[in-house]
Amino acid sequence: MDKKSSRALMLILTTFTYLLLGAAVFDVLESETERYVREEIAFVQEKLQAKYNFSVRDMQLFESVAVKSIPHKAGFQWQFTGAFYFAIVVITTVGYGHSAPETTAGRFFCMVFALAGIPLGLIMFQSIGERVNTFIAFCLHQLQFNLQKRGYTWMREVATKHLLLVSLSIGTSIIIIGTVVFHREERWTLFDAYYYCFITLSTIGFGDLVPLQQGSALQLRPFYVVFTLLFVVLGLAVFSACVNLLVLG
């Protein structure tokens with residue numbers, strides 16, 4: 001393994017170790033407070049139903065305007081799965097705003113975690129982008145060699161534009177796959193699903209559309225959770241490869 005590949009592997013291992021550590025700390029700092037808030041919300045809902053004789057429909061309407069209860073529909077946001085999701089959102093600077101620490105200790109740790117995690121994430125994605133471009137260049141050189149052996153000369157050399165075209169094609173494929181999956185799983189329109197993919201991979205992260213926020217998805221739909229995390233990480237890695245080509249090419 002060459003020096004750059006070793007560096008990329010070390011950065012990946014270091015970054016994911018950091019994410020695991022951050023998720024564990026958020027779990028400890030936030031889970032108890034979250035559980036208390038959920039129990040308090042459930043208690044108030046029961047009292048309101050008993051006091052005002054709310055129908056099921058009335059209660060559903062009331063819930064829709066009770067902003068504080070909305071983040072908790074995803075399941076336990078600060079148990080490890082949700083905390084790991086939050087940690088990725090922090091270091092990638094996507095910042096959906098779908099959940100945020102409520103304790104003073106959690107907010108303080110969030111600042112410390114972001115201070116080191118954001119630069120670490122940027123370096124990791126840049127390194128992965130370089131490795132992706134190296135692999136694409138290798139594949140294109142092999143293709144060029146085989147074409148020339150067969151007498152085809154339309155690609156005389158591998159240029160930056162060829163690397164960029166392949167990287168953009170891979171990135172577009174990731175967005176298309178993400179659009180289809182989020183359209184199906186979240187019941188979003190195709191446009192909204194595509195909009196979410198673009199806003200996420202551009203790290204804008206408005207937070208108006210956020211997956212895994214209904215039906216306790218964080219705890220009950222593990223494969224969908226894994227897909228969502230991989231979409232963010234792999235998508236940002238591929239688009240980092242495109243940025244490297246545009247800046248350095």
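## Annotated regions

The UniProt record, an unreviewed entry, carries the annotation "domain: Potassium channel" for residues 74-132 and 173-246. UniProt positions are in the numbering used here, feature names are shortened, and annotations may be inferred rather than shown by experiment.

In the coordinates, residues 7-26 are 100% helix and 0% strand, with their end C-alpha atoms 28 Å apart. Residues 108-128 are likewise 100% helix and 0% strand, and their end C-alpha atoms lie 30 Å apart.

## Model and confidence

This is a predicted model, in which local features need pLDDT of at least 70 and side-chain atom pairs count only at pLDDT 80 or more, whereas totals for chains, interfaces and linings use all residues. Residues are numbered from 1 along each chain as its sequence is written, and side-chain values use heavy atoms, with hydrogens and water left out.

The mean pLDDT (the predictor's confidence in each residue, from 0 to 100) is 87 for the protein, and 94% of the residues score at least 70. Confidence is lowest in helix 2 (residues 56-65), where the mean is 74, and highest in helix 6, where it reaches 96.

## Overall architecture

The protein has eight helices and zero strands, where helices (H or I, at least four residues) and strands (E, at least two) are DSSP runs numbered from the N terminus. The C-alpha atoms fill a box of roughly 85 × 35 × 25 Å, taken along the principal axes. Among the contacts (heavy atoms within 4.5 Å) with a separation of 6 or more, 73% are between residues 24 or more positions apart.

Of the 249 residues, 41% count as buried, a term that stands for under 20% relative accessible area, with exposed meaning over 50% and partly exposed in between (1.4 Å probe, protein chains only). The accessible surface comes to about 14,500 Å², and 67% of that area belongs to carbon and sulfur atoms; accessible areas come from the Shrake-Rupley method with a 1.4 Å probe, and for residues only the protein chains shown count as cover.

## A nonpolar surface patch

Tyr194, Phe198, Ile204 and Phe206 make a nonpolar surface patch of about 420 Å². Patches are made of residues with over 30% relative accessible area and no salt bridge, like charges being joined within 9 Å and nonpolar side chains (Val, Leu, Ile, Met, Phe, Trp, Tyr) within 5 Å. Phe198, one of these residues, has its place in helix 6 (residues 190-201) and is partly exposed, with a relative accessible area of 44%.

## Salt bridges around Glu185

The structure holds two salt bridges, each defined as a side-chain nitrogen of Lys or Arg within 4 Å of a carboxyl oxygen of Asp or Glu. One joins the side chains of Glu185 and Arg184 at 2.4 Å, N to O; Arg184 is exposed, with a relative accessible area of 58%, while Glu185 counts as partly exposed at 22%.

Glu185 also forms a salt bridge with Arg221, the closest N and O atoms being 2.2 Å apart. Glu185 lies in helix 5 and Arg221 in the loop between helix 7 and helix 8 (222-248), so the pair ties together parts that are 36 residues apart in sequence. Arg221 counts as partly exposed at 26% relative accessibility, and Arg184, Glu185 and Arg221 are linked in a network of salt bridges.

## Loop residues and a buried asparagine

Most residues other than glycine have a negative phi. Arg187, in the loop between helix 5 (160-186) and helix 6, has a positive phi near 60 degrees, and it counts as exposed at 70% relative accessibility. Ser216, in the loop between helix 6 and helix 7 (217-220), has a positive phi near 50 degrees and is partly exposed at 24% relative accessibility.

Asn133 is in helix 4 (residues 104-149) and counts as buried at 9% relative accessibility. Not counting residues up to four places away in sequence, Asn133 touches Leu163, Ser167, Ala241, Asn244 and Leu245.
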